[in-house]
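Please take a moment to look over the sequence and the model before reading on. The paragraphs that follow lead through them step by step.

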Amino acid sequence: QFGPDDLRVLEIYASIAAQAVANADATERLHAQSEALERQLNSQRELLRVTESILTTLDPQSLLHEIAERLQAIVPVDNIAVSVHDSTARRLRSIFARGVHAAQYLREDIPDDAGLSGAAVQSGEALLVQDALSDERLLSFEDLGPQPGAVICAPLLSGEGVQGVLTLERLGTDASFGDEEFELVKLFAAHVSIALRNAAVHRAVELRAETDLLTGLLNHGALTQHI
């Protein structure tokens, strides 16, 4: 039989065991948080290196290729596309795409309130859909039909509003984006906005330097170089 002293000893050991379990849980949580922070820091370091690269690229088409190359190294995806926003015509027109459905993305010319990209334009906020088949906002390509996967649409903001949309897609029934990846894409989209704006300003300055203000024709220096 157990006596009162045995019960008291058991209670003491049970209390110690409970505290040990709590300590182990806390240690495990701290370890997981530490690993998550380390991944986040590594991603942000990579983002800074990427930003330095794209901000020094001033040719628009070269810039888009650089953006796709660099972003896919940080956040692997099956499709990446960039659309420009024509606020006058209220359209979203694709200007760049890379991936398994690049041809379909390049044909996109939709109203600026249609689909998930349209929702991103209207809200000015990045949107994440983890199940493409269950979200009615997502448009499907006519020649492909609905595709399972996960999608991020991030608006490219400028002082005048939304200048475009960056779209990333992972295909497959098990595809998803983590919270850290979503935050990283939002940061990257802000840097892409600056890079595209810089490229546009640089091109405008180039055009002014190459053309005659009165006639709009190439000036002597630009014409000689062209010849």
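**A walk through the predicted model**

In this model, the side chains of D135 and R137 meet in a salt bridge, with 2.9 Å from N to O. The model is a predicted one, and the values given here are to be read with that in mind. At 19% relative accessibility D135 counts as buried, because the cut-off for buried is under 20%, whereas R137, at 37%, counts as partly exposed. Side chains of opposite charge can pair when their charged atoms come close. A search of the whole structure finds eight salt bridges, and some others of them will come up again below.

Six strands form an open sheet in the order 3-2-1-6-5-4, and the pairing is antiparallel. Strand 3 and strand 4 stand at the edges with a single partner strand each, so that one side of each is left without a neighbour in the sheet. Neighbouring strands of this sheet are turned against each other by 20° on average, if direction is ignored. Strands of a sheet pair through backbone hydrogen bonds, either parallel or antiparallel.

Strand 3 and strand 2 run antiparallel and are joined by three bridges, and here L92 stands opposite I110 of strand 3. Strand 2 in turn pairs with strand 1 in the antiparallel sense over eight bridges, and these two strands form a hairpin with four residues between them, where R90 in the turn has a positive phi of about 60°. Strand 1 is then joined to strand 6 by six bridges, again with the two strands running antiparallel, and one of the facing pairs is V84 with G164 of strand 6.

Which residues stand opposite V82 in strand 2 and in strand 6? In strand 2 the residue opposite V82 is F96, while in strand 6 the bridge partner of V82 is L166.

Another helix to look at is helix 4, which covers residues 115-123, and in which G115, L116, S117, G118, A120 and V121 are buried. What covers the buried residues of helix 4? The cover includes strand 1 (79-86), strand 2 (91-99), strand 3 (109-111), strand 4 (127-129), strand 5 (149-158) and strand 6 (161-171). Helix 4 is followed by G124, whose phi is positive, near 70°.

D86 and R93 meet through their side chains in a salt bridge, with 3.0 Å from N to O. Both residues are partly exposed, with a relative accessible area of 26% for D86 and of 31% for R93.

The last stop is helix 1, which spans residues 4-55 and in which Y13 is found. The side chains of R8 and E11 meet in a salt bridge with 3.5 Å from N to O. Because R8 and E11 are three residues apart in helix 1, they are separated by about one helical turn. E11 is partly exposed, with a relative accessible area of 42%. Y13, on the other hand, has a relative accessible area of 56% and counts as exposed, because the cut-off for exposed is over 50%. Together with V9, I12 and I16, Y13 forms a nonpolar patch on the surface, and these four residues share about 400 Å² of accessible area.

How values were computed. Residues numbered from 1 in each chain as written. Predicted model: local features only at pLDDT ≥ 70, side-chain atom pairs only at ≥ 80, totals over all residues. Heavy atoms only, no water. Patch = residues over 30% accessible without salt bridge, like charges linked within 9 Å, V, L, I, M, F, W, Y side chains within 5 Å. Areas by Shrake-Rupley, 256 points an atom, 1.4 Å probe, with all protein chains shown as cover. Buried < 20%, exposed > 50% of the residue type's maximum accessible area, 1.4 Å probe, protein only. Contact = heavy atoms within 4.5 Å. Pairing = 2+ DSSP bridges. Axes fitted to C-alpha atoms, helices over the stretch in contact; angles between N-to-C directions.
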